[in-house]
Amino acid sequence: MASKPLILMHPLSETLEKLKEHFAEDEGIEIHEVDDLAEANQVFATVMPAMIITSDPRKCIKWLAMNQKPYKKSSSKCLLLTKKKIPFKAQKRMDKLGIAAVIEEPIAPKTLVYKVSFLLRSLPIKKEGEEVDDFTLKKGDAVKSEEDTDTKLRGKNSQEKKVEKEAKAKKKIGLNLV
């Protein structure tokens, strides 16, 4: 029987705990709980396409940035369940990375179950032992390391900014030394 993977990234909110209990009874869904991003990458690589749910916005953005190509190629879904309102820039960044939904708590349990069920139904079915060509990754699609993603998300580091400022100042003064 085909099953659809549901990956839950820690820390889990109370709402996510209840959601986990609800879907634990369902035979068509296999639940994977992961503690950190490295473990999430390993699980995702083995079970994709998958539905990823987290309640930590930073982990969500990092994970989406690290797995951007495989995430989009496999038609996976990512849901962020948060208690605080997400800033506009962060929301825009998540939209560019392909997040399926951002839900602010409190939310009615039935509504959340419906939303997750709807997103799970939209996942393509991958049967056990079956390799689907669409999910095979090419050389350039490799999962990025957490360190590369941190640098990309933060932008240029302070040393690079300092060098750029010095170059601009020299150019402004006319000290273009070659």
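The model is predicted: local features require pLDDT of at least 70 and side-chain atom pairs pLDDT 80 or more, while totals for chains, interfaces and linings use all residues. Residues are numbered from 1 along each chain as its sequence is written, and side-chain values use heavy atoms, with hydrogens and water left out.

Select strand β1, residues 4-9. Helices (H or I, at least four residues) and strands (E, at least two) are DSSP runs, numbered from the N terminus. Six of the six residues of β1 are buried, so the rest of the structure largely encloses this strand. Buried means under 20% relative accessible area, exposed over 50%, and partly exposed in between (1.4 Å probe, protein chains only). Lys4, Leu6 and Leu8 point one way, and Pro5, Ile7 and Met9 the other.

Lys4 stands opposite Ile29 here. Then show strand β3, residues 51-54, also parallel to β1, with four bridges. Ile53 in β3 is the bridge partner of Leu8.

Finally, select Lys20 and Glu17, both in helix α1 and three residues apart. They form a salt bridge, with the closest N and O atoms 3.6 Å apart; the term denotes a side-chain nitrogen of Lys or Arg within 4 Å of a carboxyl oxygen of Asp or Glu. Lys20 also meets Glu33 in a salt bridge (2.8 Å, N to O). Glu33 lies in β2, so this pair ties together parts 13 residues apart in sequence. Shared partners join Glu17, Lys20 and Glu33 into one network.

Terms used:
Pairing = 2+ DSSP bridges.
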